Structure formats: structure tokens, C-alpha cells
Amino acid sequence: MSDTCLKFDNLTLGYQGHAAVHHLSGEIRRGTLTAVVGANGSGKSTLMKGIAGILKPISGACISEFSRLAYLPQQSELDRTFPARVIDLVSLGFWQKRGLLGRMTPADKTDLAACLAAVGLTGFEKRPLDSLSGGQMQRALFARAMVQDADLILLDEPFNAVDERTIGDLVVLVKRWVAEGRTVLCVLHDHALVRAHFPRTLLMARTLVGCGATDTVLTVDNLLRARGFQEAWDDNAAWCGDGRSLDDASGQVVAHV
Ligand SMILES: Nc1ncnc2c1ncn2[C@@H]1O[C@H](COP(=O)(O)OP(=O)(O)OP(=O)(O)O)[C@@H](O)[C@H]1O
């Protein structure tokens, strides 16, 4: 197995023929922790969906080398009125190992209890999802990711509307996953949090502005460039028309994370 977990090869992703992520090239190395940052609408969630295989490339490719993936979408994309309990949600994490109709083994039940304990939700097994606070729901989603035992974990704004104590607890878990050799990509808006805890950063503005060590990516210059790209973006432009594209304006950025 190579050192590379993900390779973006001139990747363009979008919706109804319009690009949301444009000509992205770069690599994510195995066992790294990378923050994915950028303004609203800069293509972060789209990139996560492309990596997860939910969105197929318009052109280019996302080449991945992992055996199990855990993807936590934004909480706003989840329907919490679905009549399920915490234990139902978390045990869904076993489906890749056991299949949808497979039964949990005694070892799975022990694992599940350990994962709930790790996120501080022991005793919450039978609570309906719609009775959880935002932070408790996020803890339950982290427990499901732990149960999945994934080697690539994608977290889309996991700390939105979550208090500082919960953020601190969840950041500890994320760092533990990385210490275990897992690769984590995490969409975030809080640059102070990124600088404090995320060694690597991928800065998006529909195209890639920079990626690499956080202190070399989150620079004033790059943030101004990202703002310029974002403001120049035409949502209605053809996905890769003949006219001037961001790549013409910036030069295509190829980076290695
Ligand atoms: N299902 C969809 N259909 C059409 N356009 C979409 C869809 N999802 C996202 N887009 C568009 O793609 C662009 C990038 O959106 P995306 O959600 O990837 O941005 P983001 O960086 O994650 O934003 P935020 O920080 O607000 O979550 C936006 O212009 C958005 O309107």
C-alpha cells in the first residue's frame, strides 16, 4: 500500500453541469489530519461528497486507497425526525462489516459500548435521536464513525453549533484516530481551531488555493487570494467553457498534502 490515501487528478465536481470544485489536483497522505477551509460556497462539502463517491466527477478523477470510509455530513443534511434511537444510529456503523441484515456479534456489542463510552454517551443508548442536543447528536455520529473502524474519515463541519467542551472532547478523539494511523479530513470555519489542532490545511475557493502545512497555507496572502477567487466566481458559468476560467487567472495549483 502506498503512502497516498487520496489523489485528486484535475478533479472537477459540480451540479447540473456547473462546476462547484474546479480542476483540483493534489494528494492527501495516509495518517494525516487535514482541515478543509474556505468561504461559504467554496466547494468544501462538494469535495467531501466527491471523495465519498456520492458525487461523480464531471471530469478528472479522485483516486482513493482506503478500505473503509466514514463520512459525517453536515448535521443540516440529517433527518432527525426519523424514529431511531442512539443505539440504532451507532450500530449502523457495523453494516460495512456485517451487511445490512447481519446481526451484531458479542464482540460488536462490546465495541459499541466502548465507542459510546469514548464519546461520553453511556446511558444514552435508548434515547430517540430527536431528543438529543446538537452536541449529543454529534457525539453519537462520532461513535458511529468509531464503530465503522474506517481508515479514511470525512467530517463536514462537525463542530457547528457545538459548545467548547464538546469541541475539546471531539478534537481529542480525532487526534486519537490520527495517532492510530487513520486519515482525517475535516471541514471547518474556525481558523483559530485549525491553527491550534490541525497540522495540515487545504484551502478552497472553488479551486484549490493552497494545501500543505497549516502555517504555510493560512497566510494573509492566500486568504486574500481565496477571497478574490470566490468573488470572481460566476455560478452560472459553464463548467469548463472556452472563456476565462479561474485557472487562467491563477495558474493551476498542484499541491501535495
Ligand atoms: N445539490 C446541489 N445542487 C446544485 N448546486 C449545489 C448543490 N449543492 C451545492 N451546490 C452549489 O455548489 C457550490 C458549492 O457548495 P458547497 O456546499 O460545496 O460549499 P461549501 O464550501 O461546503 O459551503 P458552506 O461553507 O456554506 O457549507 C455552491 O454554489 C452551492 O450552491
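Helices (H or I, at least four residues) and strands (E, at least two) are taken here as DSSP runs, numbered from the N terminus. The structure is a predicted model, in which local features need pLDDT of at least 70 and side-chain atom pairs count only at pLDDT 80 or more, while totals for chains, interfaces and linings use all residues. Residue numbers start from 1 along each chain as its sequence is written.

Leaving aside residues up to four places away in sequence, Leu24 touches Phe8, Leu11, Thr207 and Leu208, a contact being two C-beta atoms, placed from the backbone, within 7 Å. Between the C-alpha atoms of Leu24 and Ser2, which are 22 residues apart along the chain, the separation is 21 Å.

Strand E2 (residues 18-29) runs antiparallel to strand E1 (residues 4-15), and 8 bridges join the two; strands are said to pair if DSSP finds at least two bridges between them. Thr4 has Arg29 of E2 as its bridge partner. The two strands make a hairpin with 2 residues between them, and Gln16 in the turn has a positive phi of about 45°. E1 also pairs with strand E4 (residues 59-64), again in the antiparallel sense, over 5 bridges, and here Lys7 stands opposite Ile63.

Elsewhere, 6 strands form an open sheet of mixed pairing, in the order E5-E6-E7-E3-E8-E9. Its edges are strand E5 (69-72) and strand E9 (207-213), each of which pairs on one side only. From one strand to the next the twist averages 15°, with axes fitted as lines to C-alpha atoms, for helices over the stretch in contact, and angles running from 0 to 180 degrees between N-to-C directions. Strand E8 (residues 200-205) pairs with E9 in the antiparallel sense through 6 bridges, and Leu202 has Cys211 of E9 as its bridge partner. Helix H1 packs on this sheet, touching E3, E5, E6, E7 and E8, and its direction makes about 150° with that of E6. Helix H9 (residues 220-232) packs on the sheet too, touching E8 and E9, at about 160° to the direction of E9.

Gly53 follows the helix with a positive phi, near 85°. H1 (residues 44-52) also gives the most to the shell around the ligand, with 3 residues.

That shell holds 11 residues, of which Tyr15, Ala20, Asn40, Ser45 and Thr46 come nearest; a residue is near a molecule or strand if its C-beta atom, placed from the backbone, lies within 6 Å of it. The shell divides into 2 nonpolar, 7 polar and 2 charged residues, where Ala, Val, Leu, Ile, Met, Phe, Trp, Tyr, Cys and Pro count as nonpolar, Asp, Glu, Lys and Arg as charged, and the others, Gly among them, as polar.

The largest nonpolar core has 64 residues, and Val36, Val90, Ala143, Ile153 and Cys186 have the most contacts inside it. Helix H5 (residues 134-148) supplies the largest share, 8 residues. Such a core is a set of buried Ala, Val, Leu, Ile, Met, Phe, Trp, Tyr and Cys residues joined through C-beta atoms within 7 Å.

Methods
Buried ≥ 20, exposed ≤ 12 C-beta atoms within 10 Å, placed from the backbone.
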